[in-house]
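Here are my notes on the model, in the order I'd go through them with the viewer open.

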Amino acid sequence: MPTSRRTFAVAAVAALVLPLGACGSGGDGGGSTDASGKVEGDITFQTWNLRANFKDYFEGLIADFEKKHPGTHVKWVDQPGEGYADKISADAAGGTLPDVVNVSPDLVAPLAQAGLALDLDKAAGQYREEYLEGAWASHRIPGMEGTYAFPWYLNTGPLFYNKSLFEKAGLDPEQPPKTYDEVFDAALKIADKTDGEVATLANVPTIEDFGRYGVPLMNKEGTGFAFDDAKGVRLLTRYKELYDAKALDPQALTATPESSGKKFLTGAVAMNPGSALDLANFKKQAPNLYRNIGITDQITSTGHVNMYVMGLMVNARSERKPAAVAFAHHVTDAAHQMSFAKQVAIFPSTAGSLDDPYFTKEDGTDETRVRVAAAKSLKGAVNYTPVLFSEQMKTELRNEVAKALQGKQSPQEALGNAVEACDRLLQQQG
């Protein structure tokens, strides 16, 4: 499942949903968070563009649940990827939101603020220990108490690096950099040794980079952003240093994942994130790179990599809360997550699942090599992107970062402007 599926037009969701409840009030719209009682009745379960490839899996999952709980019936609806956020908006505004909804953290935020997402800390807290701590925490909303979706499947990716380029620069190819400062130091050496012909990084810093560097992204109340502090300024200052030395690819300001991948393929870039599919591509298109490929964790100065997470939200206004909570837990329990992970390149969010041999034992294939590397890093992973950080905010940050790298303003001015713009957008959301 491509990680881009987590991206939404959140502003559109907020505009339709928020009038239904006071922004920031949280809770379940005045209804009860009690999900105890008999599991019975008809509920509707909505997924996001999954029927085409996983019809048999979900039909089996539903049949198992209905057999386990006689008197229940689950109606499964699957919405196309295109316009998914708009569909949820319309359902939320019209009072037709399904009982159990496939969401991601940035989509659940306005629903929780409007009182439409059930607080699972209150309604299903007994299940919390079954999930990875970082996964459970990913559906919390800054400034609100509670957790608003069961964590479902996770994704992350390792970092590839070109061992031969490291070796030529006098760096140990078996000891790749692990922290940002180690990467920056290595990048300057590689650029110096190649007279600026080889960059180490190909992308400007994103909000996830600031998180992995250890920068506080928001204040504790969730009312404003904070990535313009001294540590944030230091990160951007170092990126500026790389940009000036051509250790950051000169085209990073306009880079896409595809263009960065091509640069890595041709040896113009020394490190690049990727997946098992990329390894197969290297083997076919760049055998020399393939022979010299290194695989390491994402760069992080906090000790925790970034993860992307999908979840299942329970409608706070569901008339069948016991059944809805029981079904959302059923879909996301360890056994069902494990069986789903073996059908598609995702990872379970349940505690202990990543210790399964499927995620720990090498079998000599490229696919397994990457899966094992990614699974190892996920155990302590964090979803760094703030749930309130919209696409517009990402654009504001990117634009200000570009100005700093080009020398049009200082890193401190750039981040100050970005925080100001993002705070303004945050106020508009709420």
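This is a predicted model: local features need pLDDT of at least 70, side-chain atom pairs count only at pLDDT 80 or more; totals for chains, interfaces and linings use all residues.

1. Start at Lys 394: once you skip the neighbours within four places in sequence, Lys 394 is in contact with Thr 385 and Phe 389. Lys 394 sits in helix α18, residues 391–405.

2. The chain averages a pLDDT of 90, and 92% of the residues score at least 70. The part to watch is residues 1–30, where pLDDT stays under 50. For that stretch the model still has 86 contacts beyond four places in sequence.

3. Asp 34 is in the loop between α1 (10–17) and β1 (41–48). With a relative accessible area of 45%, Asp 34 is partly exposed. Asp 34 and Asp 209 are 175 residues apart in sequence, and C-alpha to C-alpha they are 39 Å apart in space.

4. Now the inside. Which residues touch the most other members of the largest nonpolar core? They are Phe 45, Phe 58 and Phe 227, in a core of 127 residues. Apart from that core lies another, of 9 residues, with Leu 279, Phe 282, Leu 289 and Val 370 among them. In soluble globular proteins, nonpolar side chains do tend to be buried together.

5. Phe 227 is worth a click of its own. Leaving aside neighbours within four places in sequence, its contacts include Ile 207, Phe 210, Val 215, Pro 216 and Leu 217. Further along the chain, Phe 227 is also in contact with Phe 389, Leu 397, Leu 415, Ala 418, Val 419 and Cys 422, among others.

6. The second largest pocket comes in at a volume of about 480 Å³. It is lined by 19 residues, and Pro 142, Leu 217, Asn 383, Tyr 384 and Pro 386 lie nearest its centre. The lining divides into 10 nonpolar, 7 polar and 2 charged residues. Leu 217, one of those nearest the centre, is also one of the contacts of Phe 227.

7. Val 309 belongs to strand β8, residues 308–314. Is Val 309 buried or exposed? At 6% relative accessibility, Val 309 counts as buried, because the cut-off is under 20%. Beyond four places in sequence, Val 309 is in contact with Ser 104, Pro 105, Ser 138, His 139, Pro 151, Tyr 153, Leu 154 and Asn 383. Asn 383 turned up in the pocket lining too. Val 309 and Ala 90 are 24 Å apart in space, C-alpha to C-alpha, and 219 residues apart in sequence.

8. Helix α3 (residues 84–94) has Tyr 84, Ala 85, Ile 88, Ser 89, Asp 91 and Ala 92 buried. After α3 comes Gly 95, with a positive phi near 75°.

9. Last, backbone angles. Most residues other than glycine have a negative phi, yet Asp 195 has a positive one, near 55°. Asp 195 lies in the loop between α8 (180–193) and α9 (207–213), and is exposed at a relative accessible area of 70%. Lys 246 has a positive phi as well, near 65°. Its place is in the loop between α10 (230–244) and α11 (257–265), and Lys 246 is partly exposed, at 45%.

Notes: Residues are numbered from 1 along each chain as its sequence is written. Side-chain values use heavy atoms; hydrogens and water are left out. On a 1 Å grid over the protein atoms alone, a cavity is a set of points where a 1.4 Å probe fits but cannot get out, and a pocket is an open set with protein on both sides within 12 Å along at least five of seven lines; lining residues have an atom within 4 Å of a point. Grid points are joined across faces, edges and corners, and a volume is the space filled by probe spheres set on the points. Ala, Val, Leu, Ile, Met, Phe, Trp, Tyr, Cys and Pro count as nonpolar, Asp, Glu, Lys and Arg as charged, and the others, Gly among them, as polar. A nonpolar core is a set of buried Ala, Val, Leu, Ile, Met, Phe, Trp, Tyr and Cys residues joined through side-chain atoms within 4.5 Å. Buried means under 20% relative accessible area, exposed over 50%, partly exposed in between (1.4 Å probe, protein chains only). Contact means heavy atoms within 4.5 Å. pLDDT is the predictor's confidence in each residue, from 0 to 100. Helices (H or I, at least four residues) and strands (E, at least two) are DSSP runs, numbered from the N terminus.
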